[in-house]
Amino acid sequence: MNDDVKSTIEDYTYWDIFEEGVQQRSSREVLGDINTLMNSVENEVTTRASEAGQDVTQTRRTVAGTYFQALVSYATADIASDNGFRLIHNPRNLNGTELAGAVPTFEDGSGEETELTPDTDIVYFDPDNDNSSIFIVSCKTSFRERMTQSALWQIMFTMSNHSCPEQNCPTHQFSLSGDFNRDIYMGFATTDFYDSIDSIDVIDLFDFGYVPSEGSSTADNVYPISCLVDHIQNEWGDIR
């Protein structure tokens, strides 16, 4: 079901320098060793960028963000398929997918509607069950960078689904772009390169989160990233 995800990632410019390390590991090991895999290619990325006349700092930053997300998707694509989940990798937005109706919209009072684009780096869902839940993972190499954007969308979705009898309640300005009955669970995954995750209260806004290793966070809703394998297999039953 998710072979297209893996083939797309395999065509990425720098994937070849990750490939050997990925092939030597199981899916769970790829996730558990994800920071090691990321750090192990730094010199090769630097060399290639320099030889190509590219901005080395910017290239390294771009590769870190792109390939962290790619490693998570690649490691879980087959497991997701085996458990009936379609995996959408790096959708620009949900409008071009089976989940187009799940996009929150905001009406400013003048009749104009604005779509609020969710931060959907990786999406897992059952394409054969219209009433099943959707699980979104926002991937960030640094938790303190742009994570609030992901948490904000979680708030917007909650407001879009809120039913309030008060006529002037501001939540009435929010709705969904289509007829949508699925529950959505918003999570994050981070390499947390700056060890800043426990210093940010925004994690409480997420349904779940993944960090590199045990002990990286004391929050109850945060797990070692290797647990993503277990959560896919049990359909996030421990979280819902």
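Reply: Let's start with the nonpolar core, a set of buried Ala, Val, Leu, Ile, Met, Phe, Trp, Tyr and Cys residues joined through side-chain atoms within 4.5 Å. Buried means under 20% relative accessible area, with a 1.4 Å probe and protein chains only. The largest such core here has 43 residues, and Trp15, Leu71, Val72, Tyr124 and Trp236 touch the most other members. Helix H6 gives the most to this core, with 12 residues. A second, separate core has 18 residues, including Leu99, Ile134, Ile203 and Ala219. This is a predicted model, where local features need pLDDT of at least 70, side-chain atom pairs count only at pLDDT 80 or more, and totals for chains, interfaces and linings use all residues. Residues are numbered from 1 along each chain as its sequence is written, and side-chain values use heavy atoms, leaving out hydrogens and water.

Me: Which residues does tryptophan 236 touch, not counting those up to four places away in sequence?

Reply: Contact means heavy atoms within 4.5 Å. Tryptophan 236 touches Phe85, Tyr124, Phe135, Phe208, Tyr210, Leu228 and His231.

Me: Is serine 73 buried or exposed?

Reply: Serine 73 counts as buried because its relative accessibility is 0%. It sits in H6, residues 56-82; helices are DSSP runs of H or I, at least four residues, and strands are runs of E, at least two, numbered from the N terminus.

Me: How many residues of strand E7 are buried?

Reply: In E7 (residues 184-190), 7 of 7 are buried. Two strands pair if DSSP finds at least two bridges between them. E7 pairs in the parallel sense with E5 over 7 bridges and with E8 over 3 bridges.

Key
Buried < 20%, exposed > 50% of the residue type's maximum accessible area, 1.4 Å probe, protein only.
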